[in-house]
Amino acid sequence: MKTFENVDVKSVKEAVGLLQKFAGEKKNAAVVGGGSEYLQLMKVRVATPDYIVNLKTIPGLNYIKEDAGGFRIGALTTLAELEEHKGVQEKLLFLSQAAGEAASPQIRNAGTVAGNLCQRPFCWYFRSASHVCLRKGGEICYSVAGDNRYHAIIGGGPSYIVHPSDLAPALVALDAKIKIAGPAGEKTIPLEKFFVTPQVNARRENILGPADIVTEIQVPAPKTGSKGFYYKARERQAWDHAIVSVATVVQSGSGAVRDARVVLGGVAPIPWRVPKAEEFLRGKAIDDAAAQKAAEIALDGARPMKDNVYKIDLAKNLVRQALVASV
Amino acid sequence: MDDKKGKGVSRRDFLKRVGAGSVGAAVISKGLLDAPGADAYPTEAVEPAKGRSIVSLKVNGKAYRIEVQHRQTLAEVLRDELGLTGTRIGCDRGECGACTVIIDGRNMYSCSQLAVWMSGKEILTVEGLAKGDKLDPIQQAFIDHDGPQCGFCTSGQIMSGKALLLRNPSPSEAQARRALSGNLCRCGNYNREVEAVLAAAKAR
């Protein structure tokens, strides 16, 4: 790694102030939580910060609090802690499972919930220091003419990365909110609005500014009669990102769907919510045919590249399975 | 590790002094590190340069005060500065698990933690398992069940198995398999490694 200075901060305010100062001085600074993901970018010199702001030294940012409204999860809560939390297992089992599907035990023990949502892409061109791709300030997305077997089939262009998070689809399906601290104070926004497509910004995956940090995730209590699922397809049984994943939350009553969320992971540059499929399901009794139709609608508009056509059938099947399991 | 060689200057220490060439590095001789008063870092020491700090590490119950570069990973410091080479560096990118150590009771990749973040943490490496000449049950089980083939991943496998047993003394096979899922074995000896973890659980 290039030489840099690690700065341990003691509060969110100090972190934001420091990041603001570095930004003002045009210094290259980065925020690190668990560090597992960002250190790898530094080792291959895709990221070469002069300063690292270490958030792990902030006390009181690691918690899961439960009340009538739902769960509040501190940014520094580890994936393992989220997976093992009794209340989460009891009320939102699929969120616990999504956390447990991420990476490997060692990474779940170090990696944080906020860090999982803020991961940089695992596109092999992005992670290669010898490819100055669009996402790193270059001219082109190498996946277009290159090997694109793991790239986006929907929502891509001009960059075709896929969002690597396992938690993000599950949390978006749960209508989670994210709390962000920045120079202008704190704000809480729907998690869905946190992520940005490459059409908006091809160099970033989310709205965080240089002095913004994630402080909390808020998950509303599940509605009566709702069931959630997270299904993940991957090449190895362990330590692998999703080729395709799907998170569904279906609220049923009197034999019909009252409300539904269908969110795909691994297929688009952001967690890909499909409101048209949700709309189709509303008021229906889910059977094989309805689930199949919803899956078709979810993948409507997918435009695969030469090596990733297979993702369409994979995604349709996962959506269908998750919906059938919901009734 | 032979801790008794502190009196003279070992080849490793000599190279370390010559190679590092800074004021801070010169105090990192085994004699000072292992001394009971190791916490008394000389106060006249020169202010650490940018990107360097003095950290207090607790490794296998022993306290170390040592100057590290901020860019040094825990794996690098364990091996290159403290001489604890039982921790292996395989991929150095948080994928293979050869560098697995236990930090505050949880197994983590030491290649993916900076040493400077480790102040106040309890670190357990493979060297810390045996009590004198008596091997930890999991070490014995790895021997009895032919856990190691080439042996490169073994210390990482053992530390992941140990971390599991610390939290769950009688795991199922599925739990043991999952607990080792962040440790690659190029020899493909997974069944024996899982077997060894389960045998260690029974041996306790």
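How many residues of chain A are in contact with how many residues of chain B? In this predicted model, local features need pLDDT of at least 70 and side-chain atom pairs pLDDT 80 or more, whereas totals for chains, interfaces and linings use all residues. Residues are numbered from 1 along each chain as its sequence is written, chains are lettered from A in the order in which they are written, and side-chain values use heavy atoms, without hydrogens and water.

**View 1. The interface of chain A and chain B.** Contact (heavy atoms within 4.5 Å) links 32 residues of chain A with 29 residues of chain B. The buried area (accessible area, 1.4 Å probe, lost by the two parts on being put together, summed over both) is about 2400 Å². Carbon and sulfur atoms give 50% of this area.

**View 2. Salt bridge between A:E84 and B:R106.** The closest N and O atoms of this pair are 3.0 Å apart. The rule (a side-chain nitrogen of Lys or Arg within 4 Å of a carboxyl oxygen of Asp or Glu) finds four salt bridges across the interface. On the side of chain A that touches chain B, the elements giving two or more residues are β1 (5-8), α2 (36-43), β3 (51-54), α3 (79-84) and α6 (105-110); helices (H or I, at least four residues) and strands (E, at least two) are DSSP runs, numbered from the N terminus. The most comes from α6(A), with six residues.

**View 3. Helix α10 (residues 288-298) of chain A.** Buried residues (under 20% relative accessible area, 1.4 Å probe, protein chains only) include A:A290, A:A294 and A:I297. The buried residues line one face of the helix, because they fall within an arc of 160° seen down the axis of α10(A), the arc being that of the directions from the helix axis to the C-beta atoms. On the other side, A:D288 and A:A289 are exposed (over 50%). The buried residues of α10(A) pack against β11 (256-265), α9 (275-281) and α11 (310-325) of chain A.
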